[in-house]
Amino acid sequence: MKLNDWLNNEIPNIAKSLEDVHKNYFSIDKTIGFEGQQKIYQILENFRSALFPCLCDKYTNEDERININIGNKLRTSALDLRFLIEKVLPKDQSLEEADQIVIDLINKFPTIRKTIQTDIQAAYNGDPATTSTDEILFSYPSIQAITIHRIAHELYNSNVPIIPRIMAEYAHQLTGIDIHPGASIGEYFFIDHGTGVVIGETCTIGKNVKIYQGVTLGAKSFPLDEHGNPIKGIKRHPNIEDNVVIYAGATILGGDTTIGHDSTIGGNIWLTQSVPPNSRVYNSQPLPNIKNGV
């Protein structure tokens with residue numbers, strides 16, 4: 001059979017089958033689709049321009065133009081975000097609720113920006129390799145990831161479905177740092193290097209915490225319901241108190257695990273139990289075999 005003949009005869013049937021399969025699993029009316037996913041990425045770029053106006057836009061030396069540019073970015077993104085939130089909210093929630101969620105988020109932007117500045121300062125204080133805060137802002141994946149997280153976390157706290165996770169996975173895609181939007185993170189937070197870091201949904205992190213690449217703040221094996229599915233909405237991830245340092249490759253698991261303040265967790269540690277304040281946790285020194293010559 002010639003391809004054109006097959007296309008004319010069979011494609012309508014296949015298209016109908018695909019439509020039917022999709023309808024069995026997804027609501028066509030209450031989804032933002034892949035187009036909405038891309039729109040969220042653009043909203044985040046606009047929000048970054050508003051948070052760092054003199055660094056993201058072409059015009060940096062005219063106060064009036066800067067103010068106008070910030071306002072335009074926020075206005076456009078607020079309307080786009082409101083539309084997307086309305087699409088994903090349950091049917092019993094109103095357009096007015098979507099409006100209020102966006103208003104609450106943007107009202108918090110000055111506070112979010114000040115908190116991000118503490119994260120930048122933490123990176124400067126904690127990394128001897130850097131020479132300026134500009135270098136940190138432009139080149140450190142930690143700042144990009146935590147900036148997106150601090151926005152997504154506010155939407156998560158407002159019970160917005162889907163959108164905070166898309167934001168978090170966008171940061172993951174850009175930086176290799178996987179922070180669930182539900183995680184609560186205090187000021188002066190720094191992830192050095194960053195690749196492979198995982199921070200779970202119910203994790204709480206205090207102020208002035210520094211972690212290195214490959215750290216997992218995760219869950220133990222999940223308790224299951226009567227149908228064998230993981231139980232949702234319970235505390236699963238650890239608590240990290242103030243002034244803690246966690247070195248590369250460490251794994252800390254469990255909702256009942258707390259790392260006490262002013263503690264240091266060494267590299268490649270595996271922890272499923274709490275550690276008291278002012279602790280130093282490390283593995284025994286390995287004994288490698290070293291040969292000279294051939």
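Helices (H or I, at least four residues) and strands (E, at least two) are DSSP runs here, numbered from the N terminus. With that in hand, welcome to the tour.

This is a predicted model, where local features need pLDDT of at least 70, side-chain atom pairs count only at pLDDT 80 or more, and totals for chains, interfaces and linings use all residues. Residues are numbered from 1 along each chain as its sequence is written, and side-chain values use heavy atoms, with hydrogens and water left out.

**The whole chain**

Start zoomed out. The chain has 9 helices and 14 strands, and its C-alpha atoms fill a box of roughly 75 × 55 × 50 Å along the principal axes. Of the 294 residues, 39% are buried, meaning under 20% relative accessible area with a 1.4 Å probe and protein chains only (exposed is over 50%, partly exposed in between).

**Stop 1: Arg 236**

Select Arg 236, in the loop between strand S7 (216-218) and strand S8 (239-240). Is this residue buried or exposed? At 16% relative accessibility, Arg 236 counts as buried. Display Glu 201 as well: a polar contact of 2.8 Å joins the two side chains of Arg 236 and Glu 201. (A polar contact is a pair of N or O atoms within 3.5 Å; within protein, one must be able to donate a hydrogen and the other to accept it, and residues adjacent in sequence count only if both atoms are side-chain atoms.) Leaving aside residues up to four places away in sequence, the residues that Arg 236 touches include Thr 202, Lys 220, Phe 222 and Gly 254.

**Stop 2: aromatic pairs**

Next, show the rings. The structure holds 4 aromatic pairs; rings of Phe, Tyr and Trp (its six-membered ring) pair if their centres lie within 6.5 Å, and planes under 30 degrees apart count as stacked, over 60 as edge-to-face and the rest as tilted.

Pick Tyr 41 and Tyr 170, a stacked pair at 4.1 Å centre to centre with 15 degrees between the planes. Tyr 41 lies in helix H2 (residues 33-51) and Tyr 170 in helix H9 (residues 163-175), so the pair ties together parts that are 129 residues apart in sequence. Tyr 41 is buried at 13% relative accessible area, and Tyr 170 is buried at 11%.

Then move to Phe 47 and Phe 109, an edge-to-face pair: 4.8 Å centre to centre, 80 degrees between the planes. Phe 47 is in helix H2 and Phe 109 in helix H6 (residues 109-126), 62 residues apart. Phe 47 is buried at 0% relative accessibility, and Phe 109 is buried at 6%.

**Stop 3: H5 against H6**

Leu 105, Ile 106 and Asn 107 in H5 meet Phe 109, Pro 110 and Ile 112 in H6.

**Stop 4: Thr 175**

Finish in helix H9 with Thr 175, buried at 8% relative accessible area. Its side chain reaches the backbone nitrogen of Ile 177 at 3.1 Å. Beyond residues up to four places away in sequence, Thr 175 touches Pro 141, Gln 144 and Ala 145.

How values were computed:
Contact means heavy atoms within 4.5 Å.
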